[in-house]
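Open the model in your viewer and keep the selection tool at hand. This tour goes from the whole chain down to single residues.

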Amino acid sequence: MLNKTKFEKVLSRVINKNSARCSKCKRMFTQPCHTFGGLDAEGKVHNVALCCRDYIVDMRHYGVYTTLPVNTAEGERQAKELLDSHPKDASRY
Ligand SMILES: [Zn+2]
């Protein structure tokens, strides 16, 4: 079982390696979308989009993938809109 700190470390590595794609099916993100971070049934950390959400059995992180540059007003608005509409209720906490 990964503790929170360790999980976040692994997750950021996974996100770095899969910066614009789903780490499970490797499909590129073509538009802004919601992301889900957590562990699959094998205990591997993944950062996925809705396509592979069901593979995450231990949901730990909700994120967004944005296409606009961060640290700009447009980018922040896009990120906020995505976060506000994040389907978190689909989690299995
Ligand atoms: Zn996927």
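**Ground rules.** This is a predicted model: local features need pLDDT of at least 70, side-chain atom pairs count only at pLDDT 80 or more, and totals for chains, interfaces and linings use all residues. Residues are numbered from 1 along each chain as its sequence is written.

**Whole chain.** Colour by pLDDT, the predictor's confidence in each residue, from 0 to 100. The mean for the protein chain is 93, and 95% of its residues reach 70 or more. Among the elements, β2 has the highest mean pLDDT (98) and β3 the lowest (95).

Switch to cartoon. Helices (H or I, at least four residues) and strands (E, at least two) are DSSP runs, numbered from the N terminus. Their order from the N terminus is α-β-β-β-α. The radius of gyration is 13 Å, close to the 12 Å of the globule rule for 93 residues, so the protein chain is as compact as a globular protein of that length. That radius is taken over C-alpha atoms, and the rule is 2.2 Å times the number of residues to the power 0.38.

**The sheet.** Select the three strands. They form an open sheet in the order β2-β1-β3, with antiparallel pairing. Two strands pair if DSSP finds at least two bridges between them. β2 (45-48) and β3 (56-65) are the edge strands, each pairing on one side only.

Now zoom in on β1 (residues 33-40). Four bridges join β1 to β2 in the antiparallel sense. Which residue of β2 stands opposite G37? Pick N47.

**The helix.** Helix α1 lies across β1, β2 and β3, at about 50° to β2. Axes are lines fitted to C-alpha atoms, for helices over the stretch in contact, and angles run from 0 to 180 degrees between N-to-C directions.

**The core.** Show side chains for L11, C22, F36, L39, V45, V48 and I56. These seven residues make up the largest nonpolar core, a set of buried Ala, Val, Leu, Ile, Met, Phe, Trp, Tyr and Cys residues joined through C-beta atoms within 7 Å. Buried means 20 or more other C-beta atoms within 10 Å of a residue's own, with C-beta atoms placed from the backbone. β1 and β2 each supply at least two residues of this core.

Finish on F36. Leaving out residues up to four places away in sequence, F36 touches V48, R53, I56, M59 and Y62. Contact means C-beta atoms, placed from the backbone, within 7 Å.

Technical notes: Contact = placed C-beta atoms within 7 Å. Buried ≥ 20, exposed ≤ 12 C-beta atoms within 10 Å, placed from the backbone.
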